Each structure stands twice: as C-alpha cells, then as structure tokens.
Amino acid sequence: MAQNQEATVVFGVLNETSATESRVALTPDIVTRLKRSGISSIIESGAGIAAEYTDEDYEKAGAKVAGRNEVLAEADALGFVDRPSSEIVASLKAGQWVIGMLGSFTDADYIAALEQAGLVGIGIEKLPRKLSSAQSMDEMTSQNSVMGYKAAIAAADAYGSFLPMMTTAAGTIRPAKALVLGAGIAGLQAIGTLRRLGAVVTAYDVRPASKGEVESLGAKFLDLGLDFSAGQGEGGYARALTAEEQAAQQAAVDEKAAGFDIIITTAKVPGRKPPVLLTAAGVKGLHRGAVVVDCAASDLGGNVEGSVIGEQVTEGGVKLIGAPYLASGVATTASNLLARNVADILVHFVRDGKLSQDLSEELDDALVVAGRVATQPDAAESNQAGN
Ligand code: NAD
C-alpha cells in the first residue's frame, strides 16, 4: 500500500508474556490501523500468541515479525502493556520513545533512568482522562473495565455455591450476596457482571456521585453512615482519606462485610498506594468459604489487609485472591482494546511523519514524563502573538 511505503515511523512491540501477563500491546487489527497513519510495525516473534494472535496474523496484516534485538534496534517507538524492564531500557538507544504504564506517580528513580538513557517516556498513567479527545487512548478505562468483569467471574469460580437463586427438587438455594467496594470503572463492571450472574449486589464508594450509578445498575448502595464528600479530589476522583477518616471507614466496612459471601475491591486513589478498606479483623469476620477478590492488590498492599498478589486461604477458610492481573485473563479482547489505546497515543505524537512533542498542548504536557523538550521559543512567541 502506498501509505505503508511512505511510513517513516516504526512502532515496535516486544513479547511481555509471563505467568501473569498474556496481553500484547499490538494486535493485527491495529497494525492495519497504524499503516493508514503512515506507521509501520515490527513485533517480536511469539509476542501475541498468549492472546491468540499468531506471527502469521501479524505478517498478514503487514507487520514485520522479528527477533527481540531487531525490534529494539529498528523501532522509533516501543509500546508496552506494562513498562520496559531496566534490562530493556539499557539496550535502547537515545532518542527512542517508550509508551506504557511507566509509573511516573510513584517511581521517580525509574523515570530518572529513562532520562539518563536519553529516552522519551510517554506515561499513560498521566493521561488526562476527562479530555474528550483522549478517550480512545484511555487504557485505565479499557483495562479496568475488563478487570472488573473478570473479577466477578473469578469470584464466581472460587465460590462454593451458585450465584443465582436456584430452585431444585432438593430445595431452594439462596442467591449469593456480593459486596463491591470502589464503584469506579472496574467496580461498576463487576456489579453489572455479578448481577447478570444472579447475585444480590451491594456496593460502596466514597464519591457521592457513585450512589446513583450503583443504583442504576440494580445494586444497593451501602450506607456506612459516614460522609467524605467534603474535599473530594480533583476531576471527580476520590481523594486520599485522612487517617481518622480511614479508621472510621475501616471499622464501618469491617462490621458490614460480615454478611457477604463475595467481596470485590477495586478502590484506588490516582498516584497513591491503595487505601485499606477491609482489615484483617474484617476478613476474620467473614464466613468459611467466603471469597474476597482484591483488584487493587500490589507489592505495596491492596484494599484488603494481608492480601498479596496470588491466592491464599485464611485460617478461617476465607479465599483471598489478590488479583491486579485479571485483565490478562481476557487477553484477546483486552489486548485489542489496549493496542488501540496505545496506537492512538502514538498517532497523536506523529506530526508531519515524525515523532515530536509539543508541550504547549495539554495532552503532550501531561503524557511526556521523560525526555521533555521545551516548546521552541518561536512557537511560543507565535502562540502568544495569536492570543
Ligand atoms: P480509580 O481506579 O482511581 O478508583 C476506583 C474507585 O475507587 C473510584 O470510584 C474511587 O472513587 C474509589 N475509591 C477510592 N478510594 C476509596 C475509598 N477509600 N473507599 C471507597 N472507594 C474508594 O478510578 P476509575 O475507576 O478509573 O474512575 C473513577 C471515576 O472517574 C469514575 O466515576 C469514572 O466514571 C470517572 N472517569 C471519567 C472519565 C471521563 O470523563 N472520560 C474517564 C475515566 C474515569
């Protein structure tokens, strides 16, 4: 295709498959889409296979399939599901771009390492999500939505009974009672999926606006009798609660949690360690066989005290699943959505057939977290002249 021959920017993707990661940052559909924007793709052999995309699928779409070193050498920009390891950063050359969840809110040393290597870092975690032109780039929304769906499925799978009410010849089985803590993108999707599976769902969030959203999905809003609405965070997001507020919230959640069979937690505060909502005492109060899925679990802890990444059964027989990686379990579709998000970010930064940044633009200013190049004085002057 003529457009492909004109391609001046090469986009590269590596194989990130691991025990908990099956997604890939480029899918064949997106190879075709990028070609239309004059961007050619190179992908490491086998990178898509865990998400059911074969090397042949990529080749048919027009991508070059190659070994890791070739991808690293040829790509102008590399896209990641997560972020490049220090080893990969060390093998990149100055001027290359990396696009991924770079952790700029929490890991200044990593960003400094990108700077030192002369790389341009595009941190998707910094996407201004309320900007309407950025919605197709919103990986947090696309992947959290997949995660919320899968959290409900994982909970149903681990639970030793039905979710819907069942009337059988041997008696009637009551529906499962589920509690969703954190009713943002992931939480709302978990609520919808649990409801479709027949559970009776209750949910809670600190944002006052979430009550209506929860109820519109047919779930009950959990009233903790506490009001954290004053000082709600910027842009409609939750703010971090004070220590006193957090203690009051934990005591109230612990008490109310006891009656539930399934608890899914998704509560986060942008750029912060996730708040603990359910303490060890709260987990102890749950019945044997209850299932807790903590989507906020991380190496720094999650929404449930004592949850770690992976599965454990407490002494009291509660199944505690720390599962930040759930979107990976819907790898085919999650990858397609994520690849679209990453590709749209890349296309935004291709101007006149070249990768460039313009920090006077809101999106560029937010996303470029390493290798920032100040807007040329001429451009700034002409902007001012235009004002
Ligand atoms: P998130 O992943 O940062 O947090 C998940 C949820 O946890 C949020 O609803 C938050 O309020 C909640 N939470 C945080 N601390 C809590 C606590 N102590 N107790 C209980 N709940 C707590 O957020 P998200 O899911 O990505 O998005 C949150 C909101 O932003 C949603 O309302 C969403 O609709 C909105 N949003 C809007 C846009 C847009 O306008 N384009 C894009 C993305 C998200």
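A search of the whole structure, which is a predicted model, turns up 15 salt bridges.

Another pair brings together Arg174 and Asp261, whose side chains meet in a salt bridge with an N to O distance of 2.9 Å. Arg174 sits in the loop between strand S8 (171–173) and strand S9 (177–181), while Asp261 belongs to the loop between helix H10 (243–257) and strand S12 (262–265), so this contact ties together parts that are 87 residues apart in sequence. The two partners can also be described by their accessibility: Asp261, at 1%, counts as buried, and Arg174, at 47%, counts as partly exposed.

A further salt bridge joins Lys211 to Glu215, with 3.0 Å between the closest N and O atoms. Both residues are found in helix H9 (residues 210–216), where four residues, or about one turn of the helix, separate them. Lys211 counts as partly exposed because its relative accessibility is 41%, and Glu215 is likewise partly exposed at 39%.

Beyond individual pairs, salt bridges with shared partners connect Arg33, Arg340 and Asp344 in one network.

Terms used:
Residues are numbered from 1 along each chain as its sequence is written. This is a predicted model: local features need pLDDT of at least 70, side-chain atom pairs count only at pLDDT 80 or more; totals for chains, interfaces and linings use all residues. Side-chain values use heavy atoms; hydrogens and water are left out. A salt bridge is a side-chain nitrogen of Lys or Arg within 4 Å of a carboxyl oxygen of Asp or Glu. Helices (H or I, at least four residues) and strands (E, at least two) are DSSP runs, numbered from the N terminus. Buried means under 20% relative accessible area, exposed over 50%, partly exposed in between (1.4 Å probe, protein chains only).
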